[in-house]
Amino acid sequence: MSSSSSKAGPSKPAPSSSFKPKVIHKTVDMLRRNERAKAGGKGKENEVLGGVADLLAASRDLPGAIQVERFAEARALEILALQNAMKLAASQANTRAFQSLPRHLRRRAASHNPRRVPKRLRGRAAAEIDPSDPTVRRHRKKAKLLRRGNLRGESRTAQLRKRQRSKAWLATHLFHAKRFHMADLWGYRLPVTPTLKSFRPSYRAARRKATVADVSYFRTLWVEGDRGGVVAVLSNVCAGTFAGKQYENGRLARVLLYHPDTFPRGLIGPADVIWTPSLPASSSQAGSVRVLLRVHPSILAETAAALDTAVAQTPPSAHAVHTGALVDDMAAFEIMGPLAGRTIRRVLRAAGDMGTVKKDAWRMLEGDAADGTIMGFKVHDPRLSFPPARVEPTEPVTSAGVLRTALIEPSAKLASSALWDDAARRAAVPAFCKAGLDHRRRELGVPGTRLRPLAQDDRLDIVLVRRHLPHAAARADADPTADGFSGFTLLVPRSWAQPLLVSLVYARAYHVGLEERRVQHREAGTASFPEHYGAVCAAGRQWEDERGKERARRWVRRPPGRRVEWESVGTWAPFVPDWTFGRQPTEEDAMNGPLRAREPWLLTDPLLAFLPALLRAPAPSTLLRMLNAYRAQRGASFVLADHAHALWDDAVVHVDVECVGRGRMGDLAVIYRLGADERAEWARAEGEAGWGAREHAQKLAQRKAVQADAIGYVLSANYSVSRGRGHGLGTLTLAAWVDLAAQSQGAGVGGSAGGDVDVWVKVRNPDGTMCRLARARAIA
């Protein structure tokens with residue numbers, strides 16, 4: 001076979017000896033030749049006409065038609081390069097390098113500092129900067145000094161420590177400070193809300209994917225001693241079940257803390273109780289148990305004082321009971337959403353030295369578990385598997401489609417972890433810095449390759465606690481399919497907080513702050529601390545006072561012609577709730593002596609389950625019997641009958657308030673009772689249809705509310721995305737709620753046979769006079 005036949009493609013015919021190729025001259029070449037001929041004295045007509053003649057002669061050999069598709073395919077690369085060049089030229093002429101970045105990647109000073117943009121754009125950014133610009137010169141001079149510290153000669157470390165004199169920073173502070181609005185709260189510098197718009201994105205993430213919030217500001221106290229002494233101390237300060245086989249074998253208990261022997265008054269705040277696994281028999285503290293209490297930082301000192309008082313009141317036993325506070329060496333993240341378990345498994349890889357129970361629980365993280373289930377795991381360094389695979393929901397996931405059975409059974413073996421050991425937790429420091437891991441990746445050669453865990457790599461202990469925020473309607477059995485929020489609380493050593501947060505955010509867990517956490521509680525119909533505890537505890541009153549001062553400052557800043565005149569709209573408490581409802585003492589009150597200062601106290605679990613008894617016999621004596629029965633179970637003395645009426649008048653309950661029609665309520669909206677006649681008018685207006693019914697409802701809404709009918713406040717409210725209407729959480733007086741619930745049951749309005757009754761009320765925003773019809777349901 002000849003060599004010519006082995007070549008692919010058709011062979012070209014041999015050119016004939018008479019063939020002479022025609023040269024097609026460019027127009028530019030012809031013009032230049034014309035200029036040279038003109039300078040030489042020759043006539044340009046012959047030159048130009050000669051060039052045109054050559055062009056016409058050459059065009060005779062061109063094809064008469066072409067196939068556009070084949071022509072475009074053959075020159076696709078050339079056309080694409082031309083389009084890209086045109087687009088690049090247009091963008092570079094109108095856009096700076098930093099302006100081509102998405103909003104979440106933009107940084108300050110990027111217009112005159114090329115290091116503030118990604119590496120791929122630094123060359124272009126440097127070319128766009130004028131070196132003679134005085135701003136650029138000044139920046140370069142300062143940057144040279146800041147590399148060594150600040151302009152006063154202080155090191156970077158000393159500079160950062162100086163900024164933490166009056167407040168503490170979270171381990172992830174620098175990560176938050178670049179992306180969140182920060183505020184000084186409870187002795188910490190905390191992220192409030194992202195700088196980007198996040199109301200709807202954070203809600204979608206909590207419903208469909210996952211959200212992550214740093215809750216490391218929660219503090220931990222411990223109580224240690226023999227079991228009997230520990231139970232006696234906690235019984236003196238806790239309301240709710242916290243001991244027994246259910247909670248001592250790997251399940252967290254959620255309780256309310258009170259000052260010793262003050263129940264139902266003297267509320268401190270909520271707490272999470274964790275029974276750590278039993279100490280080994282070889283330990284010097286054999287026979288002792290240790291209980292951890294995770295509390296909000298605003299009640300840390302008050303809780304510690306209450307525990308010390310309870311220990312002093314406890315009779316001595318074989319092992320003395322001790323209390324204390326853990327060093328701030330534990331970080332915590334709250335990961336909420338249907339894909340929370342999948343996100344954790346993408347970010348962390350379980351180590352192989354776990355037992356069978358823990359391996360099975362790790363594989364079932366995407367399933368369901370009982371609220372408060374504690375799971376201890378050992379995982380590899382999350383930086384080895386960075387970047388994690390991003391979590392994308394394959395189909396919409398809702399809690400209604402999840403089988404409501406506890407797939408993961410709590411147990412002491414599952415809850416065991418070295419994280420509970422103080423010495424092990426303090427020693428859990430990364431052995432390798434990020435630069436060392438990057439050097440190992442560089443040696444692999446292929447970008448994006450994950451590192452294999454080696455024997456010398458870190459293995460850290462973590463604890464996962466299952467967390468549920470059930471919907472208020474599902475808790476009341478009014479709508480069992482109503483979706484709440486569920487997820488996990490992740491506890492890790494403090495030194496591993498930053499790498500974990502970066503990996504979680506990279507896996508597309510939406511990063512949220514304090515405000516988004518409050519929205520989750522409000523959407524679920526669950527009171528959040530201290531926002532909804534303003535009238536019943538010291539921390540809540542302090543929170544309300546600070547918020548009231550901020551509202552007053554905003555009101556004063558507005559010009560007189562554009563701010564609300566509170567007297568004209570009938571608002572007596574525009575900034576802080578006033579539980580006297582602005583009522584002035586009468587002559588009869590003056591004759592009976594000085595008025596008693598009102599001290600609201602909260603009726604909550606477990607007494608909230610006995611509300612049907614109050615509906616059957618709504619009297620102060622019934623409430624007193626309930627309280628004394630509960631105090632007797634805790635070994636406390638009885639409350640005298642002289643205090644029955646004061647307890648009845650001061651009792652309040654949390655309520656879930658939802659607008660019936662259009663419009664929404666705002667913070668500090670006043671709740672009014674509805675009389676039987678007015679409620680019937682509202683019912684007719686809501687039951688009718690047409691323009692006449694709307695006009696009737698409008699007249700009812702414009703009817704001025706009577707100050708004597710005020711019975712409570714809406715503490716936080718907004719438009720509810722899940723309900724599609726205005727919604728909020730508030731507080732009502734117990735006497736008013738019992739009265740309205742009895743009327744509702746008599747009229748056959750909503751609710752169940754128990755205490756979960758929907759009562760009809762009307763609400764008025766503090767800056768207006770119009771009232772709106774709403775439903776209120778008592779919640780824990």
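Two rings of Phe, Tyr or Trp count as a pair when their centres lie within 6.5 Å. Keep that cut-off in mind for the opening stop of this tour of a predicted model.

**Stop 1: the rings**

Select Trp186, Tyr217, Phe218 and Trp543, and you will see a cluster linked by ring pairs. In the whole structure, a search turns up 14 aromatic pairs. Go next to Tyr258 and Phe263: their ring centres are 5.0 Å apart and their planes meet at 75 degrees, so this pair is edge-to-face. Both Tyr258 and Phe263 are buried. Now jump to Trp579 and Phe581, where the centres are 5.7 Å apart and the planes stand at 70 degrees, which makes this pair edge-to-face as well. Trp579 has 9% relative accessibility and counts as buried, and Phe581 is buried too, with a relative accessible area of 1%.

Rings can also have a charge sitting over them. Select Arg390 and Tyr506: Arg390 lies over the face of the tyrosine, 4.6 Å from the ring centre. Then try Arg466 with Phe488, where the charged end of the arginine is 4.7 Å from the centre of the ring it sits over.

**Stop 2: the whole chain**

Zoom out for a moment. The chain holds 29 helices and 22 strands. It has 780 residues, and 42% of them are buried. Of the contacts between residues at least 6 apart in sequence, 71% join residues at least 24 apart.

**Stop 3: Phe242**

Select Phe242, in the loop between strand 6 (238–239) and helix 11 (245–248). Is Phe242 buried or exposed? Its relative accessibility is 3%, so Phe242 counts as buried. Show what surrounds it: beyond its neighbours within four places in sequence, Phe242 touches several residues, including Val231, Leu234, Tyr247, Val273, Trp275 and Arg634. Look at Val273 in particular: Val273 and Phe242 are 31 residues apart along the chain, yet their C-alpha atoms are separated by 6.7 Å.

**Stop 4: salt bridges**

How many salt bridges does a search of the whole structure find? The count is 34. Start with Arg290 and Glu224, whose side chains meet at 3.3 Å, N to O. Arg290 belongs to strand 9 (residues 289–295) and Glu224 to strand 5 (residues 219–225), so the pair ties together parts that are 66 residues apart in sequence. Both Arg290 and Glu224 are buried.

Next, select Asp457 and Arg440, a salt bridge with its closest N and O atoms 2.9 Å apart. Asp457 sits in the loop between helix 17 and strand 13, while Arg440 is in helix 17, 17 residues away. Asp457 has 7% relative accessibility and counts as buried; Arg440 is also buried, with a relative accessible area of 19%. Leaving aside neighbours within four places in sequence, Arg440 is in contact with Leu384, Leu451, Arg452 and Leu454 as well as Asp457.

Finish this stop at Arg777 and Asp758, which form a salt bridge at 3.1 Å, N to O. Arg777 lies in strand 22 (residues 771–779) and Asp758 in the loop between helix 29 (734–747) and strand 21 (759–764), so parts 19 residues apart in sequence are tied together.

**Stop 5: a lysine without a salt bridge**

Select Lys167, in the loop between helix 7 (156–162) and strand 1 (168–169). Lys167 is buried but has no salt bridge, and the nearest side chain of opposite charge, Asp184, is 4.5 Å away. A salt bridge needs the nitrogen and oxygen within 4 Å. What does lie 3.2 Å from a polar atom of the Lys167 side chain? The backbone oxygen of Arg163 does.

**Stop 6**

Colour helix 13 (residues 340–347): six of its eight residues are buried, so the helix is largely enclosed by the rest of the structure. The buried residues are Ala340, Gly341, Arg342, Thr343, Ile344 and Val347. They pack against several elements, among them strand 11 (330–336), helix 14 (356–363) and helix 19 (497–506).

Last, colour helix 20 (residues 514–524), where 10 of the 11 residues are buried, so this helix too is largely enclosed by the rest of the structure. Charged side chains such as Glu516, Arg517, Arg518, Arg522 and Glu523 are among those buried.

Key: Residues are numbered from 1 along each chain as its sequence is written. This is a predicted model: local features need pLDDT of at least 70, side-chain atom pairs count only at pLDDT 80 or more; totals for chains, interfaces and linings use all residues. Side-chain values use heavy atoms; hydrogens and water are left out. Helices (H or I, at least four residues) and strands (E, at least two) are DSSP runs, numbered from the N terminus. Buried means under 20% relative accessible area, exposed over 50%, partly exposed in between (1.4 Å probe, protein chains only). A polar contact is a pair of N or O atoms within 3.5 Å; within protein, one must be able to donate a hydrogen and the other to accept it, and residues adjacent in sequence count only if both atoms are side-chain atoms. Rings of Phe, Tyr and Trp (its six-membered ring) pair if their centres lie within 6.5 Å; planes under 30 degrees apart count as stacked, over 60 as edge-to-face and the rest as tilted. A charge sits over a ring if NZ of Lys or CZ of Arg is within 6 Å of the ring centre and within 35 degrees of the ring normal. Contact means heavy atoms within 4.5 Å.
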